[in-house]
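Please read this briefing with the model open beside it. The points are grouped by topic.

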Amino acid sequence: MNPLQILVVDDEHDILEFVEYNLVKQGYHVIKADNGNDAISLARHHKPDLILLDIMMPGMNGYQVCSQLKSDSHLSHIPIVYLTARSDETSEVLGLDQGADDYIIKPISISKVISRIKAVLRRTKVPEEITRNVIHIHDLQIDRESFIVVKNKTEIRLPLKEFEILFTLAANPGKVLSRQVLLNKIWGTDIYVIDRTVDVHIRKIREKIGDEYIETVKGVGYRFKK
């Protein structure tokens, strides 16, 4: 079995070397980049299992890298973990709203980094027993094997978190799911994510597939129309 690949992106070479050394000890294959442009090129070439991404880099910053990756249908499924010195809540919310899966603040604890990486990989892994799982509802076909939504014969590709929210809601038509239920199911219970993150993802889903499918139940959560 090939080792999982992790792309580490940071303009500080001592951090790159330190993280690489410890991840290799854990059995991962590490790819490194010290700038945003190289990070995107390497992500396209290798399609890593996870990207560990710094924010404050010269030229293209981490937010811009994340935005480009999440807008690429071939790369949007790759989980991204920010590793940054920016400790303010606004920066963290912005990073998570863009589709990142976790946010780790420097100075780093390598044991925490490894633990968070393992948690994200567990949450984002598609179970091996799922060989075909397709929902047909209204004029949508939601295929969990290919992570593609088809509407009126048009393919719509969603980032992994958006897809999982849509799939979860569509699998429970007419049932109201609270934000906390969606957070626990999609992000897991071992990471703190604010309620607003769900709202942002729902807004993005509506922008892509239309706003006629998912209802907002004020003060409670969301419901997929029967």
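Leaving aside its neighbours within four places in sequence, Leu166 is in contact (heavy atoms within 4.5 Å) with Ile142, Val149, Leu158, Ile205, Ile209, Ile214 and Phe224. This is a predicted model, in which local features need pLDDT of at least 70 and side-chain atom pairs count only at pLDDT 80 or more, while totals for chains, interfaces and linings use all residues. Residues are numbered from 1 along each chain as its sequence is written, and side-chain values use heavy atoms, with hydrogens and water left out.

**Nonpolar cores**

- A nonpolar core is a set of buried Ala, Val, Leu, Ile, Met, Phe, Trp, Tyr and Cys residues joined through side-chain atoms within 4.5 Å.
- Buried means under 20% relative accessible area, exposed over 50%, and partly exposed in between (1.4 Å probe, protein chains only).
- The largest nonpolar core has 28 residues, and those touching the most other members are Ile142, Val149, Leu166, Leu169, Ile209, Ile214 and Phe224.
- At least two residues of this core come from each of β6 (134-137), β7 (140-143), α6 (160-170), α7 (179-186), α8 (195-209) and β12 (221-224); helices (H or I, at least four residues) and strands (E, at least two) are DSSP runs, numbered from the N terminus.
- With 7 residues, α6 gives the most to this core.
- Another core, of 22 residues, lies apart from it and has Leu7, Ala43, Met57 and Cys66 among its members.

**The open sheet**

- In the order β10-β12-β11, 3 strands form an open sheet with antiparallel pairing; two strands pair if DSSP finds at least two bridges between them.
- Its edge strands, each pairing on one side only, are β10 (176-178) and β11 (214-217).
- Direction ignored, neighbouring strands of this sheet are turned by 30° against each other on average; axes are lines fitted to C-alpha atoms, for helices over the stretch in contact, and angles run from 0 to 180 degrees between N-to-C directions.
- α6 packs on the sheet and touches β10, β11 and β12, its direction making about 65° with that of β12.
- α7 lies across β10 and β12 and runs at about 70° to β10.
- There are 4 bridges in the antiparallel pairing of β11 and β12, and 3 bridges in that of β10 and β12.
- Tyr222 in β12 is the bridge partner of Thr216 and also of Leu177.
- β11 and β12 form a hairpin with 3 residues between them, and Gly219 in the turn has a positive phi of about 80°.

- Thr168 is located in helix α6 and counts as buried because its relative accessibility is 5%.
- Leaving aside its neighbours within four places in sequence, Thr168 is in contact with Leu177, Leu182, Lys185 and Ile186.
- Asp72 is found in the loop between α3 and β4 (80-84), and is buried, with a relative accessible area of 17%.
- From C-alpha to C-alpha, Asp72 and Leu158 are 9.5 Å apart in space, and they are 86 residues apart in sequence.

**Helix α4**

- Ser91, Val93, Gly95, Leu96 and Asp97 are buried in helix α4 (residues 89-97).
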